[in-house]
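Colleague: Please show me the model, and then I will ask about the chains and how they meet.

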Amino acid sequence: MSLADVAPSWRPGRPELLVPAALGGLLLLYFVVPFVAFLSRAGVTGVVADLSTPDAQRAIRNSLLTAPVATAVATVLGVPLAYVLARRSFPGKRLAEALVVLPLVVPPVVGGTMVLSAVGRFTPVGAAAAAAGVPLTDSLLGVVLAQTFVAAPFVVVTARAGFGAVDERLERASRSLGYGPVATFRNVSLPLARGAVLAGVVLTFARAVGEFGATMMVAYNPRTVPTRIWVEFIAGGVDAVVPLALVLLGIAVLVLTAVQHLGRVQTVTDR
Amino acid sequence: MTLEIDGLTHRYGDEPAVDGVSLSAAEGELLALLGPSGCGKTTVVQTVAGHLQPTGGRVRLRGTDVTDSPPETRRVGLVFQEPTLYPHMTVGENVAYGLKARGVGPEERAATVDEYLGLVGLGDRRDSSPPELSGGQRRRVELARALAPEPDVLLLDEPLSALDRQLRRELREEVARIQRETGVTTLYVTHDQETAMALADRLVVMNDGRVSGTGDPRTLYESPPTPFVASFLGRSNALPGTVVGRQPLRVEVGGVELAVGTGDGHPAGSEVTCHVRPEALSLGPPGRDGAGPASQGPAGRSPDVPYPSPEGVATARSLQGEVERVADLGKRYDVTVRLDAGDTVLVECRERPPTVGGRTTVEIPGRTVTVFRRGADGVMRAAE
């Protein structure tokens, strides 16, 4: 690596980037100000004491139970769907693609209502499940259903882009070298789309663990961290929200770091 | 036959891409499939590899009908125009990939990888990652990867087209050597007639989804079976003419009567197109008319008058014209001459050509002319 490569690329006198940088900077500022303002509240409350209450503990436990399950379900079903969408055209593909983004474009609270109207206590499915002892609403399973509905599109959309970027000829070469479709997917398509798939999984998890709108409709109880935050806010205002919000933030940072470390996914592009 | 394609037909929707193509390659043969882009070559290759299910026809490998078998069950090596090395594997792992699928043990695998990397001259790059290699090296590794499992047939789909001219020539020699050394039956697909002529034991020329000619390269070049082969394999001048006599065939072109060697089966008086190679033509001083008795008054000649002498058959006949353009290509000149009859012809010429605008004569040796029924040409051209 030569000196020119490692030298900072910032030089004065590149006016062509001035306008976009100024506009982008404004947006960054808008991200950072609320964040800092919110975090500055952390000092004035007893974070640890608040988090050690049974209600908070239960909410954290519930979130840590449901979000990974929702993410796993979304990944196991969504990655194959993403692959098919990236590789094949079939009648009704447009409709399938529209369905994938539907949960993204409807407000989560509406999405939750949709789930509720399909599996609610008074629907045939919901009634049968409740009678069998696995209620689909106001249960951890209900939380998972709500989270999956809202968060799964992220892994499908991201992984689809990843598979789309893998040249199909690489797969054909693998088939001609003696591997069936499944082995080819495992040996070639998946490793090459790994970055995108992992990014999709991270996004899905982040969305699932922070899911509020749909969860509130399908399973207000048992409480997860987001629904608990809502309850705290109603009772105690902004300051009451801080401890659990920090927990959510912590989980997100942990997962992101772990995945980045494991998968060496580039979320920050160095130039 | 190692590879046999029989009546292969494929349509994309309503678009016929390949229409009744039949060809075969014998053990160890290098068969080149030549044709312009969009003529259906790649469709043929993908069908042989099994990545495409043809709408009609059969594909046989070593006598077994594989038309309905998936690609992984056919023993076919495949190299595309675009590189398809796996970036997440080393060079060695890439070459070993196909061996692993066939259940070759680790030790034998390592030995085979070394053998084939050695064959392509990259024995020392086993642990490199594909992005570290140059374009030419990547091509070699792909060849090694395709050859290592010892396929029945090696399919090369425009493998050199993305490379620059110098590298293309080098690798062409490499492909020829590797094919010779391994003796693998090869189907080489290209739109580049120079590559095809240089490499092939036998040529199949395709146009618009159909086979336009099959044979050894020299025969196809010298006596093209169709106007398309005449114009696609090398350069060709097409001149309109009229058959004025048979046995031997005599054709009147631009007011001059030529005795041509080939092209039987044209009735007297029929309209034909005469193809002649630019290098077969030569330029003469202006005003010199085609000497010899045969060229006198072609129009009034009765078709049943016997031809004067066998020697006269091969005599060059001259057409008058004006030099329209001269391109200096270093080792030769390409001279475009507008004939008085209105057509233009391209003449390759070694000596200093006449100046643009000057009068000249074009001499056409009759036996270098290939005669096609008029209209056949139009059809083929329009389809291109």
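Colleague: How many helices and strands does chain B have?

Modeller: This is a predicted model, in which local features need pLDDT of at least 70 and side-chain atom pairs count only at pLDDT 80 or more, while totals for chains, interfaces and linings use all residues. Residues are numbered from 1 along each chain as its sequence is written, chains are lettered from A and ligands numbered from 1 in the order in which they are written, and side-chain values use heavy atoms, with hydrogens and water left out. Helices (H or I, at least four residues) and strands (E, at least two) are DSSP runs, numbered from the N terminus. By that rule, chain B has 10 helices and 20 strands.

Colleague: What percentage of chain B is made up of buried residues?

Modeller: Buried means under 20% relative accessible area, exposed over 50%, and partly exposed in between (1.4 Å probe, protein chains only). Chain B has 384 residues, and the buried ones make up 52%.

Colleague: Is C39(B) buried or exposed?

Modeller: C39(B) sits in the loop between β3 (30-34) and α1 (41-49) of chain B. Leaving aside neighbours within four places in sequence, C39(B) is in contact (heavy atoms within 4.5 Å) with A17(B), M206(B), N207(B), D208(B) and G209(B). Because its relative accessibility is 1%, C39(B) counts as buried.

Colleague: Which residues have the most contacts inside the largest nonpolar core?

Modeller: A nonpolar core is a set of buried Ala, Val, Leu, Ile, Met, Phe, Trp, Tyr and Cys residues joined through side-chain atoms within 4.5 Å. The largest one has 35 residues. Those with the most contacts inside it are L3(B), L33(B), V44(B) and L155(B).

Colleague: Which residue of chain A meets E72(B) in a salt bridge?

Modeller: Side chains of opposite charge can pair when their charged atoms come close. A salt bridge is a side-chain nitrogen of Lys or Arg within 4 Å of a carboxyl oxygen of Asp or Glu. Across the interface of chain A and chain B the rule finds 1 salt bridge. With N to O at 2.6 Å, the partner of E72(B) is R175(A).

Colleague: Which helix gives the largest share of the side of chain A that touches chain B?

Modeller: The contact takes 16 residues from chain A and 25 residues from chain B. Across the interface there are 11 residue pairs in polar contact, both at pLDDT 80 or more; such a contact is a pair of N or O atoms within 3.5 Å, where within protein one must be able to donate a hydrogen and the other to accept it, and residues adjacent in sequence count only if both atoms are side-chain atoms. On the side of chain A, α9 (168-176) and α10 (181-192) each supply at least two residues. The largest share, 7 residues, comes from α9(A).

Colleague: How many residues apart are the parts that E29(B) and R202(B) tie together?

Modeller: E29(B) and R202(B) form a salt bridge, with the closest N and O atoms 2.6 Å apart. E29(B) lies in the loop between β2 (15-25) and β3 of chain B and R202(B) in strand β9 (residues 202-207), so the pair ties together parts whose separation in sequence is 173 residues.

Colleague: Is R228(A) buried or exposed?

Modeller: R228(A) and D55(A) meet in a salt bridge at 3.5 Å, N to O. D55(A) is in helix α4 (residues 54-87) and R228(A) in helix α13 (residues 225-263) of chain A. With a relative accessible area of 34%, D55(A) is partly exposed. At 12% relative accessibility, R228(A) counts as buried.
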